[in-house]
Amino acid sequence: MSGQGRFLSFEGVDGSGKSTQARLLAERLKDDGHDVVFTREPGGSPGAEEIRKLVLEGDADRWSPETELLLFTAARRDHLERVILPALAEGKVVISDRYVDSTRIYQGVSRGDLRTQVDQLHTLMIGRETDMTLLIDMDPEIGLSRAFARGGTEERFEAMGQSMQQKMRQGFLELAAADPGRIKVINGNQPIEAVADDVRAVVDNLLI
Ligand code: TYD
């Protein structure tokens with residue numbers, strides 16, 4: 001199985017249910033005998049988890065958009081080197097709760113227009129796309145109320161508000177339309193089990 005690993009990510013606006021879906025998929029694939037590594041961004045390796053605290057906590061203007069982009073990219077590089085690539089080389093299925101499409105949308109759309117720099121940095125320092133990305137699409141109004149209900153200290157992005165979340169939903173849908181082979185749109189406005197079944201159906205096509 002060496003070199004046969006598969007790299008999947010989940011994306012969506014805050015509170016879309018993508019983390020729940022990522023976890024459910026990991027459990028289902030494990031039950032079916034796959035060797036699964038479940039991880040997340042920002043974070044996923046000890047160094048990247050340190051960077052996660054720097055970018056997600058504190059005031060919204062703590063970092064300039066450019067500095068923030070560099071921090072997310074540094075975190076991703078560490079995660080890629082130490083967790084993702086070694087697991088893929090061992091033939092494992094890697095499932096990441098968020099990856100570079102989050103940077104394309106959050107830093108590329110919501111924090112100044114950095115889309116070109118996001119893509120350039122990705123090419124220069126990361127260079128690995130997912131094999132498949134599941135976009136859990138849902139109305140940000142519902143997503144945001146869920147995210148706030150969860151509380152916690154990682155509120156910098158969730159505090160951005162409604163119209164920005166709408167913009168990001170559109171951004172994600174446009175990314176998917178531009179790369180339909182890789183990014184699969186899943187209707188998140190359904191009961192959890194129904195969403196999970198839709199995810200599973202799409203992923204099964206990749207894993208056979
Ligand atoms: P996450 O922990 O997945 O939060 P949630 O469960 O609410 O989706 O992600 C934390 C925040 O980090 C989220 O608001 C999106 C943001 N983010 C970026 O801005 N750029 C990135 O590259 C990544 C990976 C996340």
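Start by selecting Ile95: setting aside neighbours within four places in sequence, Ile95 is in contact (heavy atoms within 4.5 Å) with Leu8, Phe10, Ala22, Leu25, Ala26, Leu29, Val36, Val37, Phe38 and Thr39. You are looking at a predicted model, where local features need pLDDT of at least 70 and side-chain atom pairs count only at pLDDT 80 or more, while totals for chains, interfaces and linings use all residues. Residues are numbered from 1 along each chain as its sequence is written, and side-chain values use heavy atoms, with hydrogens and water left out.

Next, select Leu8, Phe10, Leu25, Ile95, Val199 and Val203. Within the largest nonpolar core, which has 17 residues, these touch the most other members. Such a core is a set of buried Ala, Val, Leu, Ile, Met, Phe, Trp, Tyr and Cys residues joined through side-chain atoms within 4.5 Å; buried means under 20% relative accessible area (1.4 Å probe, protein chains only). A second, separate core of 11 residues includes Val37, Leu88, Val94 and Ile126.

Now show the strands (DSSP runs of E, at least two residues; helices are H or I, at least four). Five of them form an open parallel sheet, ordered β2-β3-β1-β4-β5. At the edges, pairing on one side only, are β2 (36-40) and β5 (183-187). Strands pair if DSSP finds at least two bridges between them; β1 and β4 have four. Click on Ser9 to find its bridge partner in β4, Thr133.

Finally, visit His122 in helix α5 (residues 115-126). Is His122 buried or exposed? His122 is buried, at 7% relative accessible area.

How values were computed. Buried means under 20% relative accessible area, exposed over 50%, partly exposed in between (1.4 Å probe, protein chains only).
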